Amino acid sequence: MSLLNFKKRQDGSSPNSQLVQFLQGASIEVMPRTSAKIEDFADILPKKTKVFIAHMPDVAIDDMIDCAKRLNDEGMEPVPHFVARNVPDQTALRDWLARYQGEADVKQGLILAGGLGDPVGAFDNSMQLLDTGLFDKAGFTHLNIAGHPEGNKDIDPDGGDAAIMDALRWKDDFQNRTDAQMSLITQFCFDAAPLINWSQKLQGEGFTFPIYAGLAGPAKLQTLIKFAIACGVGPSLKVLQKRALDVSKLVMPYSPDDVARTLAQHVIDTPDSLIKGAHIFPLGGISKSAQWAKDNSPQTS
């Protein structure tokens, strides 16, 4: 259901049709505690939607696996996070992989380091997790990795991107020497320009990772600013700050329409773009984000 091929419009179709195409097959993110608020995921999401499950430090692995099982039972494709700094050791990782597969039919994951803080065990970064070879041995068909269009001060404290680029080169080499199929899931941005510029930079460096652009789902402006600061969102935060200065917009909920439409137009105008689709962070609640995607996407059975 992901977007793979686009053609430039020849029929004068509306901008909304671009957005429909771009959001087809969009993935979304949940946490076990927020998923408990949803009666049935099949009521709010199309079948086979990829639902990423965030693994926060205080969430037990049993709760993660229960959430994955429930998503699978309700017709979704669960994609759990594997956070290096949350994994005690290789034995635990091997057990988690076996349980995810055996209990929830999980076939892919998002591999990332995690935020600042001391690791609970042997792993400090995503490359160490990948280098165990356990995902390949477990038969995972797809490995997603994190992308940072506006940088990440946890990785590059000076605000540059040297360490980020080095890590991407390692991961590119990893997929070339293994059977791994890898995609980049980016941090959410509030301006399409950093995403587009970053994707073009990667392409110029010879990378071929498909990129799924992070979009912040509909939410109150104050909520988004709080998350943006906590997650280290870069220059695109200015979009929210400028909006906050406009009293007429301050009380209006934010929606990612503008960012999504600009990305959709870019993908149509640039058929070889690495950007292939969207990943939604439901910062204002999963039901609101699911409804927004439904309102702008083709209906699927």
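This is a predicted model: local features need pLDDT of at least 70, side-chain atom pairs count only at pLDDT 80 or more; totals for chains, interfaces and linings use all residues.
**Entry 1: the whole chain.** I began with the overall counts. The protein chain has 301 residues, and 47% of them are buried. I found 13 helices and eight strands in the chain. I then looked at the contacts with a separation of 6 or more, and 79% of these come from residues 24 or more positions apart.

**Entry 2: helix H3.** Next I picked out H3, which runs over residues 61–73. Its 13 residues reach 18 Å from first C-alpha to last, close to the 18 Å expected at 1.5 Å a residue. Which residues of H3 are buried? My list reads Ile61, Met64, Ile65, Cys67, Ala68 and Leu71. Looking down the axis of H3, I see these buried residues fall within an arc of 160°, so they line one face of the helix. I also checked what covers them: the cover includes the strands E1 (27–30), E2 (50–53) and E3 (77–83), along with the helices H2 (32–35) and H4 (90–104). After H3 comes Gly75, with a positive phi near 90°.

**Entry 3: the second largest pocket.** Of its 26 lining residues, Lys48, Lys50, Glu77, Gln108 and His142 are the closest to the centre. Which strands supply at least two residues each to this lining? I noted E2, E3, E5 (142–147) and E6 (182–188). So far as class goes, I counted 10 nonpolar, 11 polar and five charged residues in the lining.

Technical notes: Residues are numbered from 1 along each chain as its sequence is written. Side-chain values use heavy atoms; hydrogens and water are left out. Helices (H or I, at least four residues) and strands (E, at least two) are DSSP runs, numbered from the N terminus. The expected span of a helix is 1.5 Å times one less than its number of residues. Buried means under 20% relative accessible area, exposed over 50%, partly exposed in between (1.4 Å probe, protein chains only). The arc is that of the directions from the helix axis to the C-beta atoms. Contact means heavy atoms within 4.5 Å. On a 1 Å grid over the protein atoms alone, a cavity is a set of points where a 1.4 Å probe fits but cannot get out, and a pocket is an open set with protein on both sides within 12 Å along at least five of seven lines; lining residues have an atom within 4 Å of a point. Ala, Val, Leu, Ile, Met, Phe, Trp, Tyr, Cys and Pro count as nonpolar, Asp, Glu, Lys and Arg as charged, and the others, Gly among them, as polar.
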